[in-house]
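This briefing covers one protein chain, topic by topic. Please keep the sequence and the 3D view open while reading.

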Amino acid sequence: MPEKIEYFLISAEDYILATIFCVFERGVTTRVSVLGTDLALEAAQIHMGAAQIASCPGMEVRRKMRDGYALTYMELTDPEQARRLERPVGKYITMELAPYLHRRKDFFVQGAQCIARELMALLPGGEEPVLVVGLGNRSLTADAVGPLALGHILVTRHMLRSMPQEFRGFSSVAALTTGVLAETGVETWELIAAVTEMLRPRCIIVLDALAARSRERLCGVLQLTDAGLVPGSGVGNQRKEVSEKTLGVPVLALGLPTVIRAERLVGEDAPPAEGEALFVTPRDIDQRVRELSRMMAYGVNLALQPQLTVEDITGLLG
């Protein structure tokens with residue numbers, strides 16, 4: 001569970017400075033999910049009215065332990081059930097980060113290996129490159145998961161083209177960080193679509209920050225899905241969907257919840273008034289985002305380059 005949480009109301013024009021206090025206000029509420037979460041597991045718990053969800057028609061649920069981490073698998077197969085949960089049909093895997101939070105022995109290596117094994121089960125085969133995309137705003141700590149993770153991705157596409165013998169056996173990997181619309185003037189989907197058209201990747205892996213409904217899940221779980229994602233949907237700043245449906249390429253999304261709507265902490269279920277969406281983060285968000293984005297990246301590296309170890313990747317990244 002995150003330690004003490006502090007929050008302040010900060011004007012929208014000063015939101016970049018809000019990371020100093022581990023809080024930010026978006027100031028825009030184009031459409032906030034009624035369920036108030038990006039996590040499929042939380043959506044199912046809300047719909048079922050139970051903390052422990054079980055399989056039902058249109059939704060299969062199972063649990064297991066892998067490398068010391070507890071995993072909950074949820075597969076939505078029925079479009080009507082998916083509509084009720086405000087999620088696309090697809091597979092959703094929730095990885096609980098208790099070994100990381102409690103600093104158990106080898107938590108980083110085992111966590112990266114756990115992510116890698118789950119990713120490998122979803123990755124399509126082929127020789128084409130994989131495009132890894134980091135979404136978010138590097139200037140805003142709670143939204144910097146994607147850009148920070150990309151600094152630890154082992155990019156090989158250019159090396160395979162210039163030194164094919166030396167990098168024989170490596171998968172081709174390219175990386176892209178999209179920035180935010182206010183900085184680039186270009187929508188996230190537009191940038192990804194343009195690069196996808198050029199590279200023709202076999203798969204896109206998207207790394208992003210998410211919104212949670214429960215404070216216990218702030219930097220406490222990871223969610224992996226093959227259903228893509230809608231950038232900004234959890235904080236009321238919804239952009240165009242990034243998925244196989246919109247890009248024509250399989251899209252896997254790996255996300256870390258870093259924010260929660262403030263009214264959830266005081267038991268208010270009513271949506272916030274226009275322009276007053278306040279989101280809260282753990283006070284140690286800087287450390288958690290830095291460490292967990294690195295673990296996510298190493299998991300992606302191990303999935304794409306299974307012949308390597310964590311130590312090998314560290315050496316190659318320098």
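Ala70 is partly exposed, with a relative accessible area of 21%. The cut-offs are these: buried means under 20% relative accessible area, exposed means over 50%, and partly exposed lies in between, using a 1.4 Å probe and protein chains only. This is a predicted model, in which local features need pLDDT of at least 70 and side-chain atom pairs count only at pLDDT 80 or more, while totals for chains, interfaces and linings use all residues. Residues are numbered from 1 along each chain as its sequence is written, and side-chain values use heavy atoms, with hydrogens and water left out.

- Ala70 belongs to strand β3, residues 69–76; helices (H or I, at least four residues) and strands (E, at least two) are DSSP runs, numbered from the N terminus.
- Leaving aside neighbours within four places in sequence, Ala70 is in contact (heavy atoms within 4.5 Å) with Lys64, Met65, Thr94, Met95 and Glu96.
- Leu97 is 27 residues from Ala70 along the chain, and their C-alpha atoms are separated by 7.9 Å.

**The protein overall**

- The secondary structure comes to 11 helices and 10 strands.
- Of the 318 residues in the protein, 53% are buried.
- Among contacts with a separation of 6 or more, 70% are between residues 24 or more positions apart.
- The accessible surface is about 14100 Å², and 52% of that area belongs to carbon and sulfur atoms; the areas come from the Shrake-Rupley method with a 1.4 Å probe, and for residues only the protein chains shown count as cover.

**Nonpolar cores**

- In soluble globular proteins, nonpolar side chains tend to be buried together.
- A nonpolar core here is a set of buried Ala, Val, Leu, Ile, Met, Phe, Trp, Tyr and Cys residues joined through side-chain atoms within 4.5 Å.
- The largest such core has 55 residues, and Val132, Ile205, Leu207 and Val300 have the most contacts inside it.
- Helix α10 supplies the largest share of this core, 11 residues.
- Another core lies apart from the largest one; it has 17 residues, among them Leu131, Val133, Ile192 and Val195.

**Helices α10 and α11**

- Two packed helices are described by the angle between their axes and the distance between the axes.
- Helix α10 (residues 285–304) and helix α11 (residues 310–317) pack at about 105 degrees, and their axes are 10 Å apart; axes are lines fitted to C-alpha atoms, for helices over the stretch in contact, and angles run from 0 to 180 degrees between N-to-C directions.
- That makes α10 roughly perpendicular to α11, given that angles under 35 degrees count as roughly parallel, over 145 as roughly antiparallel, 65 to 115 as roughly perpendicular and the rest as oblique.
- On the α10 side, Arg294, Tyr298, Asn301 and Leu302 meet Val310, Ile313, Thr314 and Leu317 of α11.
- By class, this contact has 5 nonpolar, 2 polar and 1 charged residues; Ala, Val, Leu, Ile, Met, Phe, Trp, Tyr, Cys and Pro count as nonpolar, Asp, Glu, Lys and Arg as charged, and the others, Gly among them, as polar.

**Positive phi angles**

- Most residues other than glycine have a negative phi.
- Arg103, although not a glycine, has a positive phi of about 55 degrees.
- Arg103 sits in the loop between α3 (98–101) and α4 (107–122), and at 39% relative accessibility it counts as partly exposed.
- Asp106, in the loop between α3 and α4, has a positive phi of about 60 degrees and is not a glycine.
- With a relative accessible area of 43%, Asp106 is partly exposed.

- Gln81 is in helix α2, residues 79–84, and counts as buried at 3% relative accessibility.
- Not counting residues up to four places away in sequence, Gln81 touches His47, Cys56, Pro57, Gly58, Met59 and Leu76.
- Thr196, in helix α8 (residues 188–199), is buried at 6% relative accessibility.
- Thr196 touches residues beyond four places in sequence, including Leu131, Leu247 and Val249.
- Arg264 lies in the loop between β9 (251–261) and β10 (278–280), and its 14% relative accessibility counts as buried.
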